[in-house]
Amino acid sequence: MLKYNIRGENIEVTEPIREYVEKKIDKLERYFSEAPDANVHVNLKVYSDKNAKVEVTIPLKNLVLRAEETSGDLYASIDLIVDKLERQIRKHKTKVNRKFRDKGAEHDYFAFSEVNGSAAPDEFENDSELDIVRTKEFSLKPMDSEEAVLQMNLLGHSFFVYTDAESDGTNIVYRRKDGKYGLIETN
């Protein structure tokens, strides 16, 4: 069963908006053999230029579904989010089923045999986009996050992996879509 946490920034989450979000995202349950117990985190933002951004995160046992979409219409953004999440589920389903098929075992992680009376498409059957075409090996140098951002920019990359000098943990800095920087700290 999906439980919803819907937040609005610069917008009041009215009952019709809440119902629309829940109705659309509830359709994802058809892809699972059992209804998943998950908290659906939905963040709705409206900017001064009247664009609406919708972010949805659904942490599941073996997978985290996450998508975001910005458009001039809040309801259109919600529809596009659901399409993105469906593609993620299908892609993951194909990957999981292929792994189990290669091992000779049956796995019923998703209920994909039929959706709306027709077989669900395996649009990701060709995983050529997942082929690793290059491997790099390097030593992680201890540094702070500011130095890591400088190194990332010098290399012209959108992310940089390094060892944090204080915690000795492996961290990642990355460039966000808004041009600012993010930091991922590992445990």
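Which residue forms a salt bridge with Arg 7? The partner is Glu 9, and the closest N and O atoms of the two are 3.2 Å apart.

## About the model

This is a predicted model, in which local features need pLDDT of at least 70 and side-chain atom pairs count only at pLDDT 80 or more, while totals for chains, interfaces and linings use all residues. Residues are numbered from 1 along each chain as its sequence is written, and side-chain values use heavy atoms, with hydrogens and water left out.

## Salt bridges

Let's start with the charged pairs. A salt bridge here is a side-chain nitrogen of Lys or Arg within 4 Å of a carboxyl oxygen of Asp or Glu. By this rule the model has 11 salt bridges. In the opening pair, Arg 7 is partly exposed at 46% relative accessibility, and Glu 9 is partly exposed at 30% (buried means under 20% relative accessible area, exposed over 50%, partly exposed in between, with a 1.4 Å probe and protein chains only).

Lys 53 pairs with Glu 68, with 3.6 Å between the closest N and O atoms. This pair links distant parts of the chain, 15 residues apart: Lys 53 sits in strand 3 (residues 52–59) and Glu 68 in strand 4 (residues 64–71). Strands (E, at least two residues) and helices (H or I, at least four) are DSSP runs, numbered from the N terminus. Lys 53 is buried at 14%, whereas Glu 68 is partly exposed at 21%. Both belong to a network of salt bridges that also takes in Lys 45, Glu 55 and Arg 66.

## Where helix 1 meets helix 2

Now to the helices. The axes of helix 1 and helix 2 come within 10 Å and cross at roughly 20°, which makes the two helices roughly parallel (angles under 35 degrees count as such). Axes are lines fitted to C-alpha atoms, for helices over the stretch in contact, and angles run from 0 to 180 degrees between N-to-C directions.

In helix 1, Pro 16, Ile 17, Tyr 20, Val 21, Lys 24 and Ile 25 meet Leu 74, Tyr 75, Ile 78, Asp 79 and Val 82 of helix 2, contact meaning heavy atoms within 4.5 Å. By class, this contact has 9 nonpolar, no polar and 2 charged residues (Ala, Val, Leu, Ile, Met, Phe, Trp, Tyr, Cys and Pro count as nonpolar, Asp, Glu, Lys and Arg as charged, and the others, Gly among them, as polar).

The side chains of Lys 24 and Asp 79 meet in a salt bridge, at 3.5 Å from N to O. Lys 24 lies in helix 1 (residues 15–26) and Asp 79 in helix 2 (residues 74–102), 55 residues apart. Lys 24 is buried at 17%, and Asp 79 is partly exposed at 28%.

Definitions and conventions: Parallel < 35°, antiparallel > 145°, perpendicular 65-115°, else oblique.
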